[in-house]
Structure formats: structure tokens, C-alpha cells
Amino acid sequence: MKKIEAIIKPFKVDDVREALSDIGITGMTVTEGKGFGRQKGHTELYRGAEYVVDFLPKVKIEIVVADADCDRCIEAITSATRTGRIGDGKIFVAPIQKVIRIRTGEQDEDAL
């Protein structure tokens with residue numbers, strides 16, 4: 001099993017959810033946050049005063065999938081989020097040793 005974490009622009013969340021649903025992925029966790037990479041923020045003007053926005057709004061999507069679904073899931077996320085501009089995001093993939101559904105006690109891929 002693999003855990004896929006995608007850091008994306010907030011307005012792309014619905015596109016990702018639809019793309020994952022289309023390939024049969026039904027569950028995900030979404031966390032709102034702030035951060036920056038190469039974008040490094042920007043300056044804005046508010047009531048005549050300039051200020052720096054260091055951290056930009058981001059969304060982290062976490063999904064645990066079977067090994068066989070990992071590449072399809074990455075492709076779905078990539079195609080749904082790519083704009084070709086800086087700040088499109090990143091995808092991280094890590095191995096998962098064990099999954100347990102608390103309600104039923106099911107384990108590993110049965111718990112997904």
C-alpha cells in the first residue's frame with residue numbers, strides 16, 4: 001500500500017476529487033494550510049500600504065491506495081492540477097505498513 005500526499009492550489013480540490021472518483025478512489029483527507037515553495041509569496045496593497053504575503057493558501061490531500069492503484073492515482077491528480085505555472089504543487093508517495101478500520105477490525109487492503 002502507498003500513501004499519496006498532494007499539496008495543491010485550493011481551487012483545484014474539486015477537480016482532483018472528481019478525477020479520483022472517476023478511477024474508483026472513494027476516500028481522501030483534505031487539510032487546508034499555508035506554505036510556499038519557489039513562489040516565495042508576493043506583495044499586495046491594502047489601504048495604500050504595501051505588505052508581503054509570505055505564505056500562500058494550499059491544500060494537502062492524503063490518500064492511501066493499493067500498490068496497483070498508485071500510478072493511476074498520481075496520473076489523475078497530476079492531470080487535474082497541472083496549469084503549467086509555478087505553484088501547481090507537489091506529490092509525495094510513501095509506503096504504508098498497516099491499515100486498520102477501527103469500526104470492523106478489517107486490516108490492510110480490506111480496510112481501504
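## Helices against an open sheet

H2 lies across strand S1 (2–8), S5 and S6, running at about 5° to S1. Happy to walk through this predicted model with you.

Me: Which pattern does the protein chain follow along the sequence?
Reply: Let's start with the parts: the protein chain has two helices and six strands. Read along the sequence, these elements give the pattern β-α-β-β-β-β-α-β.

Me: What is the strand order in the open sheet, and how do the strands pair?
Reply: The open sheet has four strands, and the pairing is antiparallel. The twist from one strand to the next averages 20°. The order is S2-S5-S1-S6.

Me: Which strands stand at the edges of the sheet?
Reply: An edge strand here has a single partner strand, so one side of it is left without a neighbour in the sheet. That applies to S2 (29–35) and S6 (90–95).

Me: Which residue in S5 is the bridge partner of Lys 34?
Reply: Good one to check on the structure. S2 and S5 (residues 56–65) pair in the antiparallel sense over seven bridges. In S5, the partner of Lys 34 is Pro 57.

Me: Where around the axis of H1 do its buried residues sit, and how wide an arc do they cover?
Reply: In H1 (residues 13–22), the buried residues are Val 13, Val 16, Ala 19 and Leu 20. They lie on the same side of H1, because the arc they cover around the axis is only 130°. As for their cover, it includes S1, S5 and H2.

Me: Which residue with a positive phi follows H1?
Reply: The phi in question is near 95°. The residue that follows H1 with this value is Gly 24.

Me: Is Thr 81 buried or exposed?
Reply: Thr 81 lies in H2 (residues 70–81). Leaving aside residues up to four places away in sequence, Thr 81 touches Ile 8, Lys 12, Val 16 and Asp 88. Buried means under 20% relative accessible area. Because its relative accessibility is 8%, Thr 81 counts as buried.

Me: What radius of gyration does the protein chain have, against that of a compact globule of 112 residues?
Reply: The C-alpha atoms fill a box of roughly 60 × 30 × 20 Å along the principal axes. A compact globule of 112 residues would have a radius of gyration near 13 Å, but the protein chain has 17 Å.

Me: How much of the accessible surface belongs to carbon and sulfur atoms?
Reply: Of the 112 residues, 29% count as buried. The accessible surface of the protein chain comes to about 7,800 Å². The part belonging to carbon and sulfur atoms is 49%.

Technical notes: Residues are numbered from 1 along each chain as its sequence is written. This is a predicted model: local features need pLDDT of at least 70, side-chain atom pairs count only at pLDDT 80 or more; totals for chains, interfaces and linings use all residues. Side-chain values use heavy atoms; hydrogens and water are left out. Buried means under 20% relative accessible area, exposed over 50%, partly exposed in between (1.4 Å probe, protein chains only). Contact means heavy atoms within 4.5 Å. Two strands pair if DSSP finds at least two bridges between them. Axes are lines fitted to C-alpha atoms, for helices over the stretch in contact, and angles run from 0 to 180 degrees between N-to-C directions. The arc is that of the directions from the helix axis to the C-beta atoms. The radius of gyration is taken over C-alpha atoms; the globule rule is 2.2 Å times the number of residues to the power 0.38. Accessible areas come from the Shrake-Rupley method with a 1.4 Å probe; for residues, only the protein chains shown count as cover.
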